[in-house]
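Here is a short tour of a single model, taken a few residues at a time. Have the structure open and follow along.

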Amino acid sequence: MVSSNDRALTKDEIVSLESAGCCCGDWSRVRVSDGFDAGRVVRVAFIGDVRLGRMDGTVLDMQGRERPAGLHNARLDNVSVGDNCGISNVGGELANLDIGAGVWIENVAGIACRGESAFGNGHAVAVFNEAGGREVKITAATSAQTAFLSALYRDRAGLAEALHALADRYADEARAKRASIGDRARMADCGSIVNVRIGAHAVIEGASRLEEGTIVSSAAAPTSVGPDVVARHFILQQGAHVTDGAMLASTLIGEASRIGRQFSSENSVFFANSEGFHSEVCSVFGGPYTVTHHRSTLLIAGLFSFYNAGSATNQSNHMYKL
């Protein structure tokens with residue numbers, strides 16, 4: 001984040017920016033920190049209120065190499081950029097964002113917050129029954145235990161209501177009109193990212209589309225999203241790894257879980273250390289260490305934990321169930 005004692009651009013800095021192909025309707029709305037270097041900003045459009053941090057150091061790219069911090073070929077609309085970030089080749093725009101320090105963004109279609117969002121928090125996931133009735137309201141802090149109580153103990157109406165109220169309160173606290181990207185997150189070669197809160201040290205490379213979600217991440221347990229992933233209304237908890245064409249809709253992926261190889265999930269939750277590859281799940285409650293690896297495997301409306309679904313497993317409520 002840019003410090004509170006930021007300053008206006010000098011006349012010389014404005015001249016330097018304009019000579020480098022930058023433009024702005026009102027330069028007075030662009031504020032910078034000490035250590036800002038106008039010579040590192042090329043072909044950038046500034047819209048609305050923009051805050052820029054220091055640009056006197058380096059930033060790590062996707063390969064972990066040190067690169068000079070700077071902004072190139074981008075449009076910033078109501079954005080705060082932290083110290084020593086590297087941002088280049090944004091096809092659309094960066095809009096309504098707070099970008100942390102040391103963030104690398106390269107070759108993305110756009111990252112924006114549109115309207116008000118809770119970033120996937122509080123979204124109701126219809127586990128056990130595709131028609132509803134045992135919903136779990138997912139948040140970045142949802143645990144297997146609280147989700148189990150919420151879905152299974154519906155005979156205790158007060159308990160379910162209280163757990164839903166806690167999730168709603170969490171969502172209300174998360175709700176904002178600006179998204180955020182945590183310190184030292186890195187992303188490249190991505191499609192559109194809309195209404196997603198991205199944690200520190202997260203790595204996103206080649207994702208196709210991410211909407212309405214939270215990616216929890218930390219230096220100790222970075223979360224990664226890889227090529228061709230499409231996710232909407234989702235929560236990824238820290239240390240999760242989602243890649244290779246995975247498709248997630250209304251889904252929570254727990255800590256240190258691994259998802260990929262065209263895995264498809266809808267209205268499901270998978271908690272810590274689970275794995276999902278190739279197969280399809282719908283309305284599944286996957287407790288810790290739930291594993292499904294095979295292209296021919298289908299899981300629907302079930303409860304699993306410490307379970308490995310074998311090839312051709314059809315654990316579903318369909319008439320052709322094996």
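## Around S279

S279 touches Q262, F263, S264, T292, H293, H294 and T297, leaving aside residues up to four places away in sequence; contact here means heavy atoms within 4.5 Å. You'll find S279 in the loop between β24 (275-277) and β25 (280-282). Helices (H or I, at least four residues) and strands (E, at least two) are DSSP runs, numbered from the N terminus. With a relative accessible area of 1%, S279 is buried. The scale goes like this: buried is under 20% relative accessible area, exposed is over 50%, and partly exposed is in between (1.4 Å probe, protein chains only). For a sense of distance, S279 and I181 sit 98 residues apart in sequence and 31 Å apart in space, C-alpha to C-alpha.

## What you're looking at

This is a predicted model, so local features need pLDDT of at least 70 and side-chain atom pairs count only at pLDDT 80 or more, while totals for chains, interfaces and linings use all residues. Residues are numbered from 1 along each chain as its sequence is written, and side-chain values use heavy atoms, with hydrogens and water left out.

## Salt bridges

How many salt bridges does a search of the whole structure find? The count is 15, where a salt bridge is a side-chain nitrogen of Lys or Arg within 4 Å of a carboxyl oxygen of Asp or Glu. One of them joins the side chains of E13 and R7, at 2.8 Å from N to O. E13 is buried, at 12% relative accessibility, whereas R7 is partly exposed at 24%. Another pairs D61 with R65 at 3.0 Å, N to O. Here D61 is buried at 2%, and R65 is partly exposed at 41%.

Then there's R178, which forms a salt bridge with D98, the closest N and O atoms being 2.8 Å apart. That pair links distant parts of the chain: R178 is in the loop between α3 (157-174) and β14 (179-181), D98 is in strand β10 (residues 94-99), and they are 80 residues apart. R178 is partly exposed, with a relative accessible area of 30%.

## Where α2 meets α3

Now the helices. The axes of α2 (residues 144-152) and α3 come within 8 Å and cross at roughly 135°; axes are lines fitted to C-alpha atoms, for helices over the stretch in contact, and angles run from 0 to 180 degrees between N-to-C directions. The two helices are therefore oblique to each other. (Under 35 degrees counts as roughly parallel, over 145 as roughly antiparallel, 65 to 115 as roughly perpendicular, and the rest as oblique.)

Which residues do the touching? T146, L149 and S150 in α2 meet L159, A160, L163 and H164 in α3. The residues of this contact divide into 4 nonpolar, 3 polar and no charged.

A176 lies in the loop between α3 and β14 and is partly exposed at 21% relative accessibility. Not counting residues up to four places away in sequence, A176 touches C113, G115, E116, S117, F119 and R197.

Notes. Nonpolar A, V, L, I, M, F, W, Y, C, P; charged D, E, K, R; others polar.
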